[in-house]
Amino acid sequence: MSRWVAAFTDTYLPTINGVTYTIRSWRDCWERNGGRMDVVYPRSDDYVPEKGEHPVGSLPFPFYDGYRLGTPRVPKAVRDADIVHSHTPFAIGLGGLRLARKHDRAFVTSYHTPTGEYADYLVSNDAVAEYVERASVAYERWFFDHSDAVLTPSEATKRHIVETVGVDAPVHVVSNGVDIERFHPVEIAEFVRKYDLDADRPLVGYTGRHGFEKRLSELVAAADGMDVTLVLGGDGPARESLEKQARESDVDARFLGFLDRDEMAAFYSALDVFAFPSPVETQGLVALEANACGTPVVGANAGALANTIVDGETGYHFESGDVDGFREAIRRALSELDQLREACLARREEISVERAVEALRRVYESVAYSSTLSTM
């Protein structure tokens, strides 16, 4: 892996989300194997860049708390990279496109988030939301069609970008992958004591952004009346309403806030079931992390989770919006814990970041070879 890659992203540390984790784990694995992967990202006063990380000027994004809009500037330090990889179609991603076109570099993009599907959560007016969604899809089609290769983390997301967005560029499925050295079953006693959890009572939980698009209110509703403790890690704009819903329901809910990355394996290992009602995931990395720790996942039969979860092996599906079905699927998973855990652990190598980065390497080599031929 000798290629030098310049990755452009509008979300990076200190922001904690699946895109950040993916880029960081890919970079670590790529460089362990002899390559170089620099990262261009929005500057934040809360994070000190390491070697190979290049912050550019940024401003807070007014519609989505915790995100920043970076400028499409290309740092001099990455101008000689072999391959440009944009993880965003927006400002910083445009910087990546400009670098690739100006210097005849192979241009790879990743489709992490279906921006059009978030329109309803960014604007309250239905007509405006519909316009924003149409404009988002048109813009995505324009941007991704400039790619030599588009990466999606799942087959469901590939179908979306080909059939709904209408992208003509070559699309490859490359899983985000899980760092199985970090995510594996661990001792949970200290974690349980720290957060005052009852390990003798079934623990059902979720971690990640508490955004309204995640539909976590369905999880609280499903837990209503169940003899379980609901454990929620993370934070976001929906948290206040979720806490209110839990107080007004028969739900023993614990809101832990953001967890340290070093605590995540214990969090997943402590859970009996990871519950994931979001219908808009492009892969659902946290579901794979839970599986790597031996924890089955109950998730919506929509988006990438339709493929990420294997019914009867790594968890169960429910139809999005069906709270009774959600509750029943959780109960079923709880009743089959031993066999589900065994099946989850058997798939650890299959979902590893090493396997994902090997697939990434093959795409890079293919586009680099094609780019070389086109300039001869």
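In which sense, parallel or antiparallel, do strand 13 and strand 14 pair, and over how many bridges? In this predicted model, strand 13 and strand 14 (residues 297-300) pair in the parallel sense, and 3 bridges link them. One of the pairs is formed by Phe274 and its bridge partner in strand 14, Val297. Strand 13 is also joined to strand 10 (residues 203-207) by 2 bridges, and these two strands run parallel as well. Here the bridge partner of Val204 is Val273 of strand 13. In general, the strands of a sheet pair through backbone hydrogen bonds, and the pairing is either parallel or antiparallel.

Strand 13, helix 10 (residues 285-292) and strand 14 together make a β-α-β unit, which is right-handed. Strand 13 itself spans residues 273-276 and is covered on both faces. Val273 and Ala275 are buried on one side, while Phe274 and Phe276 are buried on the other.

For Phe267, the contacts beyond its neighbours within four places in sequence are Phe191, Tyr206, Thr207, Val231, Gly233, Leu256, Leu259 and Phe274. Nonpolar side chains tend to be buried together in soluble globular proteins.

Another part of the model holds an open sheet of 7 strands, arranged in the order 3-2-1-6-7-8-9 with parallel pairing. Strand 3 (53-56) and strand 9 (171-173) are the edge strands, each of which pairs on one side only. From one strand to the next, the twist averages 25°. Within this sheet, strand 1 (residues 4-8) and strand 6 (residues 83-86) run parallel and are joined by 4 bridges. Phe8 has Ser86 as its bridge partner in strand 6.

Helices also pack on these strands. Helix 2 (residues 91-102) lies across strand 1, strand 2 (36-42), strand 3, strand 6 and strand 7 (106-110). The direction of helix 2 is at about 160° to strand 6. Helix 5 (residues 155-164) packs on the sheet too, where it touches strand 8 (149-152) and strand 9. The angle between the directions of helix 5 and strand 9 is about 165°.

How values were computed:
Residues are numbered from 1 along each chain as its sequence is written. This is a predicted model: local features need pLDDT of at least 70, side-chain atom pairs count only at pLDDT 80 or more; totals for chains, interfaces and linings use all residues. Side-chain values use heavy atoms; hydrogens and water are left out. Buried means under 20% relative accessible area, exposed over 50%, partly exposed in between (1.4 Å probe, protein chains only). Two strands pair if DSSP finds at least two bridges between them. A crossover is right-handed if, with the strands pointing away from the viewer, the path from the first strand over the helix to the second runs clockwise. Axes are lines fitted to C-alpha atoms, for helices over the stretch in contact, and angles run from 0 to 180 degrees between N-to-C directions. Contact means heavy atoms within 4.5 Å.
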